[in-house]
Structures are given as structure tokens and as C-alpha cells.
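Reader: I would like to learn how to read salt bridges in a protein structure. Could you take me through some cases step by step?

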Amino acid sequence: MDLALSLIVLLPLIGMLILFAFGRRIGEPGAGIVATVAVAGSFVIALVLALDLFSGEGSVETVRWFEWLPAFGVEAELRWDQLSTLMTLVVTGVGSLIHLYSIGYMHGDARFGRFFAYLNLFITSMLILVLANNFALLFVGWELVGLSSYLLISFWFERDTAAAAGKKAFVVNRVGDVGFIVALMLIFSVFGSLGFDTVFDGAHNGELTGAMATAIALLLLVGAAGKSAQLPLYVWLPDAMEGPTPVSALIHAATMVTAGVYMVARTGAIFEVAPIAAATVAIVGAATALFAATIAMSQRDIKRVLAYSTISQLGYMFMAVGAAAYVAGIFHLMTHAFFKALLFLGAGSVIHGMSDEQDMHKMGGLAKKMPVTFITMAIAWLAISGMPPLAGFWSKDEILGVVFERGGLWQVLWGVGLATALLTAFYMTRMMWLTFFGEPRWDEGIQPHESPKLMTIPLVVLAGLSVVGGLVNTPFKLTLEHFLEPVFEAVHLAHAPEGSVAWILAAVSVAAGIIGIGAAIFRYRDRVPAEDGTGWRLLNNGYYIDDMYAGVFARGGKLGAAWLAFRFDVRGIDGAVEGVGSLTRRVGGWLRPLQTGFVRSYGLAVVAGAVGLLVWFLSRGGL
Amino acid sequence: MTVTPGWYMALAAVLFVIGTGGILLRRNALVMFMSVELMLNAVNLTFVAAGRELNVLDGQVAVFFVMVVAAAEVVVGLAIIVAVFRRRQTASVDELSELRG
């Protein structure tokens with residue numbers, strides 16, 4: 001058990017080391033195969049180990065690697081419980097499919113081996129993150145996924161935009177990390193340990209008081225918002241689309257960006273005693289969901305639509321975990337991983353077939369040219385739009401149901417979620433229509449073609465999961481909820497309504513989805529509107545938030561740095577240093593005439609000094 | 001008339017003053033060196049006299065140290081003077097004033 005569990009993390013690590021050392025020599029497609037086998041191996045091991053837990057017989061396991069930071073009460077220790085099992089399966093499962101896809105997508109790239117080394121590094125980091133048994137190791141994984149995200153966003157660093165996007169992601173994440181680190185410090189100051197069990201048991205037993213609990217929980221939210229691209233730290237994710245499309249699918253849709261949701265769910269015991277912070281999480285989530293959905297309606301770049309869509313869907317998950325519906329949040333995390341990875345890979349397939357064209361206004365009519373891509377993406381489209389019985393319907397409906405059931409002002413959030421569902425259906429339909437239907441609007445010389453098998457097989461598998469993935473947690477059979485319940489023993493899980501209310505809510509949200517789809521089809525059915533009015537431009541530029549950040553933070557930072565460099569440093573620091581120097585020179589100038597160069601004048605000075613001393617001693621009456 | 005330690009001290013003082021005068025008044029480096037030796041030996045005389053008076057050996061021990069160090073110093077000093085003289089054809093310290101500040 002110990003070895004097997006360790007191997008889940010170690011296999012991708014070994015794959016990474018092999019590829020860093022020999023990636024270039026192994027070449028194509030060998031490097032991709034090595035990486036894919038490593039991750040698939042992890043998945044198989046995780047699946048075998050998970051069978052016990054699935055059957056309800058297994059127990060929570062911990063694997064201690066080595067003593068690490070005794071002062072913090074932590075060791076390098078893995079935790080194998082229901083939540084980390086699920087996350088591991090999603091990460092390695094979706095991960096191996098995307099590795100497979102990448103072999104086709106990255107065909108011919110000069111740094112083929114390096115790409116897969118980075119991918120394996122990411123998988124290793126993400127597994128450390130989800131399998132950690134204490135905050136310190138979780139933080140290690142947290143930072144490592146940030147690193148691999150940076151490396152992969154700027155993988156094509158020859159392009160200035162890609163290099164800039166990588167930097168931006170890194171810097172914005174760092175802002176969130178500050179909140180996370182401070183939260184960890186506060187946790188340590190309260191509990192004297194960073195181990196999960198100590199902290200969560202302590203929080204559950206009332207060792208955490210109101211204000212401190214709220215402070216810790218809000219700081220954790222800052223960290224989660226940075227990693228999961230929530231307001232106001234979402235700006236890095238759309239730019240992250242500069243990375244290769246499989247990276248967008250794996251890291252910036254299916255796995256890494258959900259780390260914030262996972263972290264909030266994991267620390268549910270803390271949010272349980274900080275209801276204000278939990279409500280803040282839900283509000284941030286709902287606001288992000290609606291905000292990003294409006295921007296997604298107006299994007300012309302197919303990947304940017306999906307990026308804003310991801311931000312919006314992550315908002316749903318935050319809304320769920322904020323409402324203490326941790327299972328619903330994790331459930332949506334899982335189904336979203338399926339259909340959003342599928343959408344990204346499909347988009348990658350389209351871009352691949354269109355010779356790197358990403359502007360949807362220059363697509364159209366691709367359904368016949370790329371049948372497999374079209375059909376699989378259509379499934380994902382209906383899934384994310386919340387059409388029953390596809391995966392997205394069950395998870396989204398559960399979130400909306402829980403939020404509605406909590407009553408009071410929470411129902412405002414439900415309204416926001418419902419509006420977002422409508423917008424989601426609208427922009428996804430718009431994307432599908434512009435891409436696959438209507439007249440071809442391709443640039444001359446482009447000959448769209450279906451992608452190779454290596455790329456379409458993962459699409460088909462993910463499409464299958466997008467269809468059936470929701471069935472693990474339907475109102476008729478709450479399998480996932482019962483499975484995850486042991487993890488959330490310490491918290492009061494919010495539940496979805498039952499009976500007629502549930503039916504009505506489901507009908508309403510499906511109706512919202514249908515209205516969204518219908519409106520989009522009506523608008524785009526036979527023409528492409530110009531989409532260049534003031535409102536469109538406002539949305540297309542993301543409410544100019546980026547420009548605002550650039551104007552306030554980037555410019556402010558530059559001005560501050562300029563002041564430090566050309567005022568404080570030049571005048572202050574350098575002034576002090578040069579002041580010491582010129583003072584010394586001036587004093588030296590005064591003393592300089594004493595050095596006459598005549599030995600006998602020195603002799604006279606010595607004699608005078610000796611006589612002076614003698615007189616002084618004698619005047620004191622002896623030595 | 002007996003010779004008391006006071007006489008030795010007086011003689012040492014006279015020698016020391018002569019040496020000091022030589023240093024301050026003469027320009028030739030060689031002569032200045034001789035004056036320095038005179039001053040050193042004046043001090044040596046006081047050491048020996050005091051040691052004899054107090055009946056301890058420390059005075060004589062100190063003198064040996066002074067003589068050894070003085071010998072070493074003279075070796076270096078004379079070498080410098082000879083070297084300077086070969087280059088400049090003079091040993092006048094007033095003409096060797098390049099180190100003026």
C-alpha cells in the first residue's frame with residue numbers, strides 16, 4: 001500500500017527526470033509515450049487502490065515519507081482519503097488522455113521532449129498538492145503547479161505575448177500566494193501545527209474563534225482566488241491561452257485552476273466556523289460566474305471564449321463550496337474537468353485543422369470537415385449548457401438547488417447562478433454556431449481537415465465521460481455524496497432540495513439553458529452579426545479591467561520603482577555612500593599639509609609629542 | 001667620589017639629547033641613522049643601570065632585545081640608503097620629499 005501510493009506520485013516524477021535528461025535523444029514520439037505511460041500508470045494504480053474505498057471497505061491511509069519540518073509539526077506525508085482519491089483519479093485520468101492527445105498536437109515541435117517533461121512535472125506537482133497531508137506539503141504542490149503553469153504558458157517563449165502571459169500568470173498567482181502564506185502563518189500560530197488532522201480537529205472542537213477564523217478563511221480565499229482565477233485575480237487566465245492548447249485543457253481548465261476549490265473544500269472545517277468568510281466565497285464565486293460569462297459572450301478567439309467560460313464555471317464551484325455544498329462543488333469540479341477538457345481539446349483540434357486560425361469569425365461550416373471533433377464538442381456543449389441527462393446538468397443543478405435551499409439572501413445568488421446558466425448556454429451555442437455551422441469564412445489557402453486518431457480518441461473518451469459522468473451523483477442515487485461524506489464529517493453539508501421543489505428548479509434551469517441556446521441560434525442562424533457596437537467592445541475588452549490594472553497597478557508599480565531607482569537609490573542610497581566618500585576626501589584635504597615629506601619635520605613632531613607626554617605625566621605627578 | 005646611578009642617568013640623558021639633536025639638525029641620512037643608534041644606546045644605558053641598581057636581570061634582557069632589533073633595522077635602513085644614494089647621488093633627506101601630501 002505504501003509503495004503503491006508513493007508510486008502514484010513517483011511515476012510522473014521518474015518520467016519527468018527521464019525526459020529532462022534524455023528527452024531530446026528519445027525524440028518523437030518516444031518522449032510522449034514515456035510521459036503518457038507514466039501518468040497512465042499512476043491512474044491505474046490509483047484506480048486499483050480506490051476500489052477498496054469505492055466498495056466502502058477501505059480506510060483512510062497515510063504514507064509517511066520522511067521527517068521534514070518537525071518545528072511545524074509536519075512530515076512529508078501523503079493522505080489517501082475519499083477526497084484525495086477522487087482528485088487523483090481526475091488529475092491522472094484526464095491527464096493521461098491529454099498526454100495522449102498532446103503526442104498528436106505537438107507533432108513536429110522543436111522542443112517535443114521538453115514539453116512532456118513539463119507536463120509530467122505538472123502532474124507530479126498536482127498530485128503532491130492533492131495528496132498532501134498537511135498545509136506545508138500542500139503549499140509545496142501549490143507552488144510547483146504555479147511553476148509548471150508558468151513554464152507551459154510561456155512554452156513558445158519566442159512569442160513575446162506568450163512570455164508576457166507566463167509572467168503575468170506568475171505574478172498574479174504570487175499575489176494570491178501572499179494571502180495563502182499569511183493564512184498558513186495564522187493557522188500555525190493558533191494550532192501550533194500545520195498537519196491537517198490537528199488543525200481540522202482543533203477547528204471542529206472550537207479552538208478557532210470568530211475573528212481569527214474569519215481572517216484565516218478570508219486569506220485562504222485570497223490564495224484560492226489567485227489559483228482559481230476568481231475576481232479580482234482572474235486576469236491571468238485568459239492570457240494563459242497563449243500556451244499550447246493541451247496545456248489550456250489540462251492545467252487551465254481541468255485540474256490546476258480547480259486547486260482553489262479543492263483547497264476550500266479541504267479546509268471546510270475552518271470555513272464552518274467562519275460563516276461570513278464562507279458567504280464571501282459564495283458571493284465572489286457568483287459574481288465571477290456572471291461577470292466572466294458576459295465577457296465570454298463577446299470573444300472572437302475560440303480559446304478565450306473557453307477561458308472565460310472556465311472562470312465562470314469555477315465561479316459556480318466557489319459558490320457551491322461557499323454555501324457548504326462541498327460535494328456539489330467537487331462534483332462540478334469533476335464533470336467540468338470532463339467537458340471543459342473536451343471543449344479545449346476540441347478547440348485545439350479545430351485550430352490544428354484550420355492551420356492555427358483562432359478567430360471564430362473566420363471559421364464556420366466545419367461540421368462536415370471535422371465530424372468527430374464536431375460530434376464530441378457538441379456533447380460537451382450540451383453538457384455545459386446543462387441539458388439533461390449530460391454531466392453538466394446534474395452538477396450545475398445540484399449547486400443551484402443547494403444555494404436555493406439555503407433561502408434568504410442566498411436566493412439572490414441562485415438568481416445570479418441561473419442568469420449565468422442562461423448566458424453559458426448562449427455563448428457556448430454562439431461558439432458552436434460560429435465554428436461549425438453556417439457558410440465557410442476561412443482565409444484563402446486553408447484546407448480544414450480532421451485531426452489524427454491520436455487526437456480524436458481522447459475526444460471520444462472524454463465525450464463518453466461527459467455523457468455518463470453526471471450519473472455518479474443524481475438526486476435519485478447520491479453515490480458521490482455518500483462516498484465523500486466521511487471527509488466532511490466535521491462540517492454540516494448543505495443539501496439540495498427534494499421532491500417537487502427539486503423538479504421545479506431543474507425545470508427552470510433547463511428552461512434557462514434552452515432559452516440561451518435558442519437565443520443564440522436565432523441570432524447566429526444564418527449570418528454573423530458585426531459585433532462591434534459599444535457594448536460589444538466593452539465586453540470584448542473584458543470591461544477594460546485589464547487596462548485598469550495596467551493603468552493602476554502596473555503603472556503605479558513602475559512609477560514606484562522609478563522613484564526608488566532614480567530618486568531614492570540615486571539620491572538616498574548613493575548619496576549616502578558618496579557622502580561618506582566626499583567627507584573622507586575633504587577631511588583628507590584638511591590633513592594633507594601635515595604630510596610635508598621632510599623626515600626631520602616628522603622627527604620634530606615625534607619629539608614634540610614625547611615632550612608633551614612627558615610634561616603631562618610629570619604634571620600629574622608620576623605615571 | 002662614587003659613581004651613583006644618577007650619573008648614569010645623566011650621561012644617558014646627555015647622549016639622548018645629542019642623538020635627538022642630530023636627528024633634527026643633520027640632513028644626511030647616514031648621520032641621522034647614527035643619531036638614532038645613539039638614542040637607542042642611551043636608553044640601553046638606563047636599562048642596564050637600573051637593572052644593576054635594582055639587582056634584576058630584566059634590564060639586561062631588554063637591552064639584548066633592543067640591540068637585536070636595532071641591528072636588523074640598521075641592515076634594512078642602510079640598504080635603503082645605499083640604494084637611494086646610487087640612484088640620486090645624494091643622501092640628503094630634505095631632497096627626498098616626494099611623499100609630500
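Author: In this predicted model, the side chains of A:Glu67 and A:Arg64 meet in a salt bridge, with 3.8 Å from N to O; the term stands for a side-chain nitrogen of Lys or Arg within 4 Å of a carboxyl oxygen of Asp or Glu. Local features here need pLDDT of at least 70, side-chain atom pairs count only at pLDDT 80 or more, and totals for chains, interfaces and linings use all residues. Side-chain values use heavy atoms, with hydrogens and water left out, while residues are numbered from 1 along each chain as its sequence is written, and chains are lettered from A.

Reader: Is A:Glu67 buried or exposed?

Author: Buried means under 20% relative accessible area, exposed over 50%, and partly exposed in between (1.4 Å probe, protein chains only). A:Glu67, with 53%, is exposed, whereas A:Arg64, at 43%, counts as partly exposed.

Reader: What are the distance and the surroundings of the salt bridge between A:Arg266 and A:Asp81?

Author: The closest N and O atoms of A:Arg266 and A:Asp81 are 2.8 Å apart, and both residues are buried.

Reader: Which residues does the network that includes A:Arg266 join?

Author: Salt bridges that share partners join A:Arg79, A:Asp81, A:Asp197 and A:Arg266 into one network.

Reader: Which salt bridge does B:Arg88 form?

Author: The side chain of B:Arg88 meets that of B:Glu98 at 3.1 Å, N to O. B:Arg88 is partly exposed at 38% relative accessibility, and B:Glu98 is exposed at 57%.
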